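Here is a short report on the model shown below.

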2 protein chains.
Amino acid sequence: MPGVDGGVLFPAEELRKWTEEIFQKVDVSKEDAALLTDSLIEANLRGVDTHGITRMLTVYVNRIQAGVLSPRTKLDIVREKPSTALVDCNNSIGQVASDYAMNLAIQKAKSTGTAFVATTHSNHYGAAAYWSMKALEHGMIGFSATNGPASFAPTGGRTPMLGTNPFSVAIPAGRELPFVLDLATTVVARGRITLYAKQNKELEPGWAFDEMGRPTTDPHKALKGLLAPIGGYKGYGIALAIDMISGVMTGSKYGTHFPGFLADNLKDPTDVGSVFAAISIDSFMDLPEFQDAMDTAIREVKSCARAEGVERIYVPGEIEMGIRADRLANGIPLPEAVLTDFVALGTELGVAFPGE
Amino acid sequence: MPGVDGGVLFPAEELRKWTEEIFQKVDVSKEDAALLTDSLIEANLRGVDTHGITRMLTVYVNRIQAGVLSPRTKLDIVREKPSTALVDCNNSIGQVASDYAMNLAIQKAKSTGTAFVATTHSNHYGAAAYWSMKALEHGMIGFSATNGPASFAPTGGRTPMLGTNPFSVAIPAGRELPFVLDLATTVVARGRITLYAKQNKELEPGWAFDEMGRPTTDPHKALKGLLAPIGGYKGYGIALAIDMISGVMTGSKYGTHFPGFLADNLKDPTDVGSVFAAISIDSFMDLPEFQDAMDTAIREVKSCARAEGVERIYVPGEIEMGIRADRLANGIPLPEAVLTDFVALGTELGVAFPGE
C-alpha cells in the first residue's frame, strides 16, 4: 500500500484516547482535545503522517507548555457579511479555530449558496483536506488553504520567501469515493530530499535548486538550497496568491515574516492565516443528479488506458482512502523513535502510553 | 521584451475598430462586438497572442458562419441564490456570457461579500485573466476557470482525458501593479512542443510523454504523445477539479466528451462550462490598508536575492503589463500569415483591413 511507513502498529482508538488525555493534561478542554485529536488521528489514518500525532503531538504540546500556543479557545468574528467572515483566533489552537471557520462557511453557504471565511492570528491547522472534506456530508464542495513559513524562492530568486502554502479541494460523489485533492505547491517535500541525501541518491530533475538558485540533482546541494515549485513560475504564482489572500488580506504573517515555526521557534506565536470556502451543489444542480454525474466522470477517468507498468489509475484522495481502510483494520504504525517520545511524554504528563 | 512575437505592427485602435466591424458583419450586435473585440485586443496587448485576434478572430468568424456558434446572445439564469447563479448561455458567444457572469458575481459580492457564478453551454471565453481582472476596479479579488477538450492524461494513463483547464486569480494592489496569475495546468503549451519539433530541439525533462505514456524529451515522440501536467499528479488533480466543477457541476461537456473544439470541429457547439468568483476585500480589511499591505508584500518579493544570471524578479502579471505598455505605444505585431488571412477576411466580408 503506497504511503504506509514502517513501525509498530497501534489501534487508532487507543491512540485517540491517549492523545485526548495528553492534550487535556496541558489545559486543553475535553471538547477541544477531542476535536484536535480527531484531525491528527485522521491524518495518520489517511497515511499523511507528517500531519498526524507522529509529528505534531509533541510539537503542539511543547508549544503549549512554552506558552506560545494558547490551549484555551478565544475566537472573535471581527468582520461579517452574509457570505463572508473574518475570525480572529487570538492564538487559539489552529484546528479548533479552523473547525469553527469551516462550519461557519458551511452554514452560510446553506443560505446564500457559497461562503468564504478566513482566520487570522491562528496556528498550524493540520492537513488541509481535513477541512475541505467537512463540506462533503453537507452536499457541498469544500476548499481550504493556509500559508506558512518561507521554504522556497520566487522564480529567479535564491532566498526563501514563500511557504509551501497547501490547498485542498473536496468534491462529493455518489457511490464512488469523493474527490479529495490536497497539495503543497512544491514538487516534493523537504523530507524527500533529506531521504535522498541519506542514501546519496540523485534527485529527479526539477525538484530543487542549489543555494545560488541553479537547478540541481545533488541532494546535498539541494538541502543547502531551495525546493522547486510545481510548474516553475506557475507554482510560485499559486503559492504567492495563497500567501496574499491567507496572510496579507487577513493581517496575519506572510512571506519572510514568520519568526520560525512549530518546533523551530518556541518563543513566538505562529500567526498564520487560513481560508475556508464551501459551495452548495444544489445551487447549481440537484445533489442526486450531481452524484450520479460524478460517479460517471470518476469511472471514466479510472478506465483510462494505462501507461507501461502502471496497474491502476487513481483519482485524488483514493490512495489515502485505501490507506485509511487498511489502518482502521490493522492499526496506525508508529516509528520506534516516535514511540520512545510518546512513552516519555506519557510518563511526564502522567498518562501512560497504551501498553506501558 | 519577453513574449513579443515578430510581425508587422498595427495600432491597437485600428485593429479594434476593424475587428468590431468584422463581427458585426456576421450578425453580432454592435455592443457584443465591442465586448468580444476588447477581450481579444486586450489579450494581444498583454502578449497572449494565442487568445488574441491573431488566433481567435478567424476561428470565431468561421464558427459563426458554420452556424455552430450563435452570434445572438440569449442568457438565462436557471438557478440563483444570494451568492451564486448558474447561467445557461444557450451557445451564445463565450465572452458575452462571461462578461454577464463575472459582473453578476461582482454585484452579488458587493452585498454578500463573495459570490460564485457558473456558466453552462457556453463557448471559448478567451484569456481567463480578462475575467478575473474585472474584479480589480471594484476592490475585489477575482477568480475564473474554464474547462476545455482533453489534451493530457490522468497520472499513469496514456489517453487524453483532461483539458489544460486554465484558471486565473487577480488581486488588487495600491501603487504597485495588481497581482494577475493566469495559468494552464500543463507545464508547457502544445505550441511549444511543435516549435521544438520544427527545430529538432530536445525538450526539457518533465514536459511531455510519448504515446505509451513514458516520459520523453524527443519533441517528435511528444507530439504523438501527451503534455505533462504541472507537478505530475498535482496538476492532474487541479485540472480534474476544474473539469468537475466547471463541466460536471454545470451540466456542460467535460473530459473526453468534447466532440472537437474551435477550428477542429465546425459541426458541434463547444459546450464548455466556466466559473467566475469575486471576493470583496472590505469584507476582510479596509481597502486602502490592504492596498498598502499588498504594495509592501510585492516590493518584498521583488527585492529577493537573484539567482545567477537573473536580472529581475517578476510578480505574476508584471511581464504582461510591460508588454501591454509597449504594444499600446508601438502597436500589436501580426505575423505575415495572419495578415494574409485578415486581408482575405476583410475582402470576403466587405470591411477592408487597415491600409488595404
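B:Thr37 touches B:Arg16, B:Thr19, B:Glu20 and B:Phe23, leaving aside neighbours within four places in sequence. The model is predicted. B:Thr37 sits in helix 2 of chain B.

Is B:Thr37 buried or exposed? B:Thr37 has 0% relative accessibility, so B:Thr37 counts as buried. The cut-off for buried is under 20% relative accessible area.

## Helix 3 of chain B

Helix 3 of chain B covers residues 53–65. Its 13 residues, at 1.5 Å a residue, should span 18 Å.

Which residues of helix 3 of chain B are buried? They are B:Ile53, B:Thr54, B:Met56, B:Leu57, B:Val59, B:Tyr60, B:Val61, B:Arg63 and B:Ile64. Just after helix 3, B:Gly67 takes a positive phi of about 80°.

## Chain A as a whole

Chain A has 11 helices and 12 strands. Its C-alpha atoms fill a box of roughly 50 × 50 × 45 Å along the principal axes. How does the radius of gyration of chain A fit a compact globule, and what value has it? For 356 residues, such a globule would have a radius of gyration near 21 Å; chain A has 20 Å, so the two agree.

Of the 356 residues of chain A, 57% count as buried.

## Surface and charge of chain A

Chain A exposes about 13,600 Å². Carbon and sulfur atoms supply 52% of that area. The chain has 32 positive and 42 negative side chains. The centres of the two sets lie 4 Å apart.

## A partly exposed asparagine in chain A

A:Asn103 is found in helix 4 of chain A, residues 94–112. Its relative accessible area is 32%, so A:Asn103 is partly exposed. That class lies between the buried limit of 20% and the exposed limit of 50%.

Where does A:Ala135 lie relative to A:Asn103? The two are 32 residues apart along the chain, and their C-alpha atoms are separated by 8.3 Å.

Methods
Residues are numbered from 1 along each chain as its sequence is written. Chains are lettered from A and ligands numbered from 1 in the order in which they are written. This is a predicted model: local features need pLDDT of at least 70, side-chain atom pairs count only at pLDDT 80 or more; totals for chains, interfaces and linings use all residues. Side-chain values use heavy atoms; hydrogens and water are left out. Helices (H or I, at least four residues) and strands (E, at least two) are DSSP runs, numbered from the N terminus. The radius of gyration is taken over C-alpha atoms; the globule rule is 2.2 Å times the number of residues to the power 0.38. Buried means under 20% relative accessible area, exposed over 50%, partly exposed in between (1.4 Å probe, protein chains only). Accessible areas come from the Shrake-Rupley method with a 1.4 Å probe; for residues, only the protein chains shown count as cover. Lys and Arg count as positive and Asp and Glu as negative; His and the chain ends are not counted. The place of a charge is taken as NZ of Lys, CZ of Arg, CG of Asp or CD of Glu. The expected span of a helix is 1.5 Å times one less than its number of residues. Contact means heavy atoms within 4.5 Å.
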